[in-house]
Amino acid sequence: MAHGPAKGFTRWLYTTNHKDIGSMYLWFSFAMFLLGGVFALVIRAELFEPGLQIVEPGFFNQMTTMHGLVMVFGAVMPAFVGLANWMIPMMVGAPDMALPRMNNWSFWILPFAFAMMVSTLFMEGGGPNFGWTFYAPLSTTYAPPSVTFFIFAVHIMGASSIMGSINIIATILNMRAPGMTLMKMPLFVWTWLITAYLLIAVMPVLAGVVTMMLMDIHFGTSFFDAAGGGDPVLFQHVFWFFGHPEVYIMILPAFGIVSAIIPTFARKPLFGYSSMVYATASIAFLSFIVWAHHMFTVGMPIAGELFFMYATMLIAVPTGVKVFNWVTTMFRGSMTFETPMLFSIAFVILFTIGGFSGLMLAIAPADFQYHDTYFVVAHFHYVLVPGAIFSITAGVYYWLPKWCGNMYNETMGKLQFWLAFIGLNLTFFPMHFVGLAGMQRRVPDYNQFFADFNMLSSMGAFLFGAAQILLLYNVISTIMGGKKATDEVWENPEGLEWTVASPAPYHTFSTPPEVK
Amino acid sequence: MAGEGTYYVPEQSKLPIFASLGLFLTVFGAGSWINGGSPTTFVVGFGVMAIVLWCWFSIVITENMAGLNDAQLKRSYVWGMGWFIFSEVMFFAAFFGALYYIRHISLPELGGDNTTNQILWSGFTEVWPLMTTPDMAVNGANAKVLGPDINMSVTTAESIFTWLPFWNTTVLLTSSVTVHFAHTALKNHNKKGFNLWLGITVALGIIFLFLQAAEYIHAYDENLKINTGVYGTTFFMLTGFHGAHVTLGTFMLLVMWLRSVLKGHFKHEDCFGFEAASWYWHFVDVVWVGLFIFVYILG
């Protein structure tokens, strides 16, 4: 085990090394991010002006669907798994992931799954056109024939996620170095442990709901067909039982990343470590009992509306604990504003805005007004873009010197941050206004009344997209060369990953370190 | 958590990439087949998967016999199997949840005294098992979704001993006990007893599958099919997925039995393969108890 990586292309096909697999996850995720971004730009180009200019409405529907699916399952989730692969073994002092071959399998399923899913765009009848939430009967009775391949793609990417989560749980619970007690683990490890439990609990439910679709479409079952005694609303319940924990799957690891970065650049230990752990666990628990807040308008008993409304608002409490802890960590710190810190501070501010619009949406009577408008689009993009995407970007800048041994270009990093920051606010902030004024989501045309704000949104989207090219360029040129990074990289950062050389050796901690 | 010995990190492996390819061919082939194409790709993919899994398990067994797996690595396998079973529990939870929703929310709504019923499904009344679908109640002879002619629930308390699901339950519960006896025998260094009790368990698993097949043939003869409304849907989906898991569990136990009888595998302190298969077996047993209560008794 003492030797380095194998030579040639098969290194990547046959590898059992957590760093190789982490890199593959991250590159795959970035490729999907660009693809999903192109889909988004098709949407924004069409919405630049009212009327139908560029694409057919049917294709527009395929774009909104594929943008959501590719970003959720192809970009955000694999990026977090990639970071988990790279960092968790180094953070807990383990030689590798617990089950290295299964780890490679988890990754290599994904390119096949997405090749199959994206290929549906070229099939007869087009790709999935029913929105990323694929509500029945749009996704069953009225779906294109390619929906079968969409279903099977979801099945195997679910298998990949479950295997990945099992690996992460086994690594964290079984592979920690002596002395690394649970309450000494970095928060990124904690948040991922809890995320992995969420994944294992809900990915099988997603598999269940797509199986019900498959049976309804091809074998005449009546799960979602009232004529046989079923109910399309059943689809929404099962889907959102998966779907709501899923949105926390896309944000809890982000909390972990930001909780690593802010203390480093505030030069103070994280404020309220244990409350962060308990808050994360509380959010995860609550995520299982709030799903129907996505469905206030489908018809529910008043008691159900009230329960899901109050349970949802309760989530603001542990989330508030987190936000106040980050702010308190920065309070009177000797702060510097390197690129990872800029992204993290923007995360705290913008994610909070997304959280507040979430509270507005949680109020059941108000939601009757907001439902299916651009206000919802603005809300979940405010939690996902500055939430998930910014934290992933922050994590990449933060750990990149450790991965490849070179410092990235700070000026270019800051430029990317400001372009992305301005671009994202320009894109999504106006959506609050058009949404409140009644502009519906998933429609390729709109009233002229909304024209100005939509033009702004579209310009912001292209700016945000351009900023990502800078990230790509910066990462590649850092890998190729640049100023050498020290082993610590930053000033006194906390964590075992900074005790190993930069770049991190191919095998770290073959003998476990002693943690005091 | 502390490491004793060196944790075994395997060298490069061709298994995962071929497993991914096999899985892809299997599901892509299944999709093409269902959409009206030929089953060839599916069969090829299934074959690739079978070969890869055969190689994968045999490599893991060889590594274990070579002494590469320390106690810590074995704990990783225990965690892995445990959480895999939990994910299976959640898969079944989705279908049990659907059954609950249909019986207690969807059907009362369709047959209740409300506008949905008056406008769309007038004449439909809610009963379970659902023999007359809403479609039949409204469209009579023109209905497309027809209900079944029979249901599988027990009719009277006296008839329980001639009721097939009762015997299915007996067989499966007994098999959970016999697999436990096999485990105890192994722990007591009684290899003969282990082989005997494990063999009995496999036989009981096969008997269960035959009984379940008889149940299905009976159902189809009496027009209880998967497409006969939501009773047929939930009945066949729940018992069908359970049957598939019993098939897999029986196959796992059979492999363990063959390993023990033919190759002399498993010692009292080194028997994870068998233990994992037996946990899986207990899990399918518990699912059956849930089925027996919610599909058959309360059905």
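**View 1. The buried face of helix α11(A).** Thr319(A), Lys322(A), Asn325(A), Trp326(A) and Thr329(A) are the buried residues of α11(A), where buried means that 20 or more other C-beta atoms, placed from the backbone, lie within 10 Å of a residue's own. These residues sit on the same side of α11(A) because they cover an arc of only 120° around the axis, the arc being that of the directions from the helix axis to the C-beta atoms. Please keep in mind that this is a predicted model, in which local features need pLDDT of at least 70, side-chain atom pairs count only at pLDDT 80 or more, and totals for chains, interfaces and linings use all residues. Residues are numbered from 1 along each chain as its sequence is written, while chains are lettered from A and ligands numbered from 1 in the order in which they are written.

**View 2. The length and surroundings of α11(A).** Helix α11 of chain A runs over residues 316-330; helices are DSSP runs of H or I with at least four residues, strands are runs of E with at least two, and both are numbered from the N terminus. Its 15 residues reach 21 Å from first C-alpha to last, close to the 21 Å expected at 1.5 Å a residue, a span computed as 1.5 Å times one less than the number of residues. The buried residues of α11(A) pack against α8 (252-266), α9 (273-286) and α12 (339-362) of chain A. After the helix comes Arg332(A), with a positive phi near 60°.

**View 3. The side of chain A that touches chain B.** Chain A brings 58 residues to the contact and chain B brings 57 residues, two residues being in contact if their C-beta atoms, placed from the backbone, lie within 7 Å. On chain A, at least two residues each come from α1 (10-14), α4 (100-119), α5 (147-174), α6 (187-218) and α7 (232-249). Of these, α5(A) gives the largest share, 11 residues. Sorted by class, this side of chain A has 38 nonpolar, 15 polar and 5 charged residues; Ala, Val, Leu, Ile, Met, Phe, Trp, Tyr, Cys and Pro count as nonpolar, Asp, Glu, Lys and Arg as charged, and the others, Gly among them, as polar.

**View 4. The two domains of chain B.** Chain B is divided into domain 1 (8-69) and domain 2 (71-297), with bounds from an automatic or database domain assignment. The C-alpha centres of these two domains of chain B lie 26 Å apart.

Terms used
Buried ≥ 20, exposed ≤ 12 C-beta atoms within 10 Å, placed from the backbone.
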